[in-house]
Amino acid sequence: MSGFTFSSTGTTCDGVDPAAIAAAEGTPLYVYSAALIVARYRALDAALGAHPHRVHYALKANSTLGLVRLLRSAGSAADANSGGEIAVALRAGVHPRDIVFTGVGKTVAELEYAVSIGVGAINAESGGELDRIDRIATARGVRVRVALRINPGVEADSHPGIVTGGPGHKFGVPIEEAGAVCRAAAGRKGLDLVGVHAHVGSQLTTLDAVAATASTITRFAQELRADGVALEHVDLGGGLGISYDGNPALAVTDYARTLVDAVAPTGLTLLVEPGRWIVGPAGVLVAAVVDVKPQRNGRYFVVLDAGMSELMRPALYGAKHRLERLTVRSGSDVTCDVVGPICETTDVIRLGQSMPLPEVGDLLLVRDAGAYGSAMASNYNRRALPPEVLVEGGAWRVIRRRQTVDDLLACES
Ligand code: LLP
């Protein structure tokens with residue numbers, strides 16, 4: 001696949017040097033490979049094979065307009081988690097019918113919006129939410145396409161902060177109650193129950209939870225159909241993990257085969273909602289060293305101009321992203337704690353990185369930052385959101401400019 005090459009002789013993104021982009025746009029800065037994003041979308045789509053299916057890219061992983069537009073042109077549908085993400089999907093040219101609207105706490109205003117544009121399905125989280133959708137639909141004299149999000153009670157093997165299908169998790173309707181909720185929904189004037197949905201976690205690297213969820217949800221769908229509910233699809237969410245450390249991760253083909261094997265006998269269309277797998281490896285964060293200082297213990301702090309405000313994952317989940325040096329230095333390796341500029345001790349990028357001691361102004365690159373990087377960035381410490389650059393066909397362009405102080409204050413009086 002195209003994308004990034006990392007070597008001691010130079011790092012490139014589809015033939016373009018990220019350091020040259022940084023020289024023009026400054027740091028910190030996100031850089032994405034358009035070719036790799038499209039290649040990964042196509043690889044997942046191809047892995048799902050001939051069985052009727054649709055890939056709904058999960059905007060929450062990265063909803064920068066230029067990327068959503070790119071994926072839409074490649075043929076992707078969308079999974080939106082808020083009114084804001086629906087608006088971005090529409091702005092990117094996604095047809096309303098190609099949007100599924102998920103989310104554990106949809107407001108009535110968001111539901112009204114989704115109903116007014118006619119999304120492909122609202123993935124409802126509770127009986128109460130189905131009631132609210134039914135009321136909105138009846139008031140408008142329409143029928144709304146809904147799927148019920150089911151919590152299968154499956155504990156996936158991932159970081160505890162991002163597993164969502166276990167007994168104690170807030171997401172969906174417990175499988176034990178789902179039958180009654182669906183039967184009630186099927187009798188409503190304003191609802192068309194077209195699907196069942198589950199998403200049991202993110203950064204999944206083993207098949208156990210994927211297989212258990214696929215078979216539980218598919219069996220449930222068959223029971224509903226036997227009761228006369230005219231289902232159209234099974235939506236098995238997102239979650240396929242990537243390798244952050246370079247060791248082989250769960251293969252997309254094995255993941256896809258597991259889903260298709262479960263759903264194919266039903267003939268129902270399979271929907272998936274991948275985010276991280278498509279964009280994660282296709283984006284990097286480029287940052288500059290702003291200070292280097294020795295610690296008491298022989299290690300060094302290397303302070304970057306990027307931290308938890310640009311990439312929250314290390315601070316929030318203890319995530320370990322690989323670092324590459326764009327500025328080559330000789331000398332023997334020392335142990336560096338690479339940290340951000342924010343006034344929080346949790347503001348780290350990578351602890352215990354072994355490398356020749358960098359100097360102020362050197363450029364470092366954080367790998368696999370395309371998913372949940374810019375999307376989770378904040379203005380904490382009144383820091384401006386960094387620019388985002390898309391490399392496409394050997395050229396690059398800014399798809400989101402760096403915020404200015406005026407942007408930061410635009411909503412304040
Ligand atoms: N569908 C639903 C209903 C979801 O909640 C999610 C992710 C996805 C799809 C996409 O999952 P993916 O394919 O990207 O794993 N901020 C965390 C990840 C949170 C995931 C939230 N839900 C991180 O940086 O690891």
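**Close-up views of a predicted model**

**Figure 1. Helix 5 passes helix 6 in a right-handed crossing.** A crossing is right-handed if the near helix is turned clockwise from the far one by less than a right angle, and left-handed if anticlockwise. The model is predicted, and local features need pLDDT of at least 70, side-chain atom pairs count only at pLDDT 80 or more, and totals for chains, interfaces and linings use all residues. Residues are numbered from 1 along each chain as its sequence is written, and side-chain values use heavy atoms, leaving out hydrogens and water. Helix 5 spans residues 108-117 and helix 6 spans residues 127-140; helices (H or I, at least four residues) and strands (E, at least two) are DSSP runs numbered from the N terminus. The two axes are 10 Å apart, at an angle of about 50°; axes are lines fitted to C-alpha atoms, for helices over the stretch in contact, and angles run from 0 to 180 degrees between N-to-C directions. Helix 5 and helix 6 are therefore oblique to each other (under 35 degrees counts as roughly parallel, over 145 as roughly antiparallel, 65 to 115 as roughly perpendicular, the rest as oblique).

**Figure 2. Residues of helix 5 meet residues of helix 6.** Val108, Leu111, Glu112, Val115 and Ser116 of helix 5 are in contact (heavy atoms within 4.5 Å) with Glu129, Arg132, Ile133, Ile136 and Arg140 of helix 6. By class, this contact has five nonpolar, one polar and four charged residues; Asp, Glu, Lys and Arg count as charged, Ala, Val, Leu, Ile, Met, Phe, Trp, Tyr, Cys and Pro as nonpolar, and the others, Gly among them, as polar.

**Figure 3. Helix 7 passes helix 8 in a right-handed crossing.** The axes of helix 7 (residues 175-186) and helix 8 (residues 208-226) come within 11 Å and cross at roughly 30°. Helix 7 and helix 8 are therefore roughly parallel to each other. Ile175, Ala178, Gly179 and Cys182 of helix 7 make the contact with Thr216, Phe220 and Leu224 of helix 8. By class, five residues are nonpolar, two are polar and none is charged.

Figure 4. An N or O atom in the side chain of Arg313 is 2.6 Å from an oxygen atom of the ligand. For the side chain of Tyr317, the distance from an N or O atom to a ligand nitrogen atom is 2.7 Å.

**Figure 5. A cis peptide bond joins Thr27 and Pro28.** Its omega is about -10°. Pro28 is placed in the loop between helix 1 (18-25) and strand 3 (29-33).

Definitions and conventions: A polar contact is a pair of N or O atoms within 3.5 Å; within protein, one must be able to donate a hydrogen and the other to accept it, and residues adjacent in sequence count only if both atoms are side-chain atoms.
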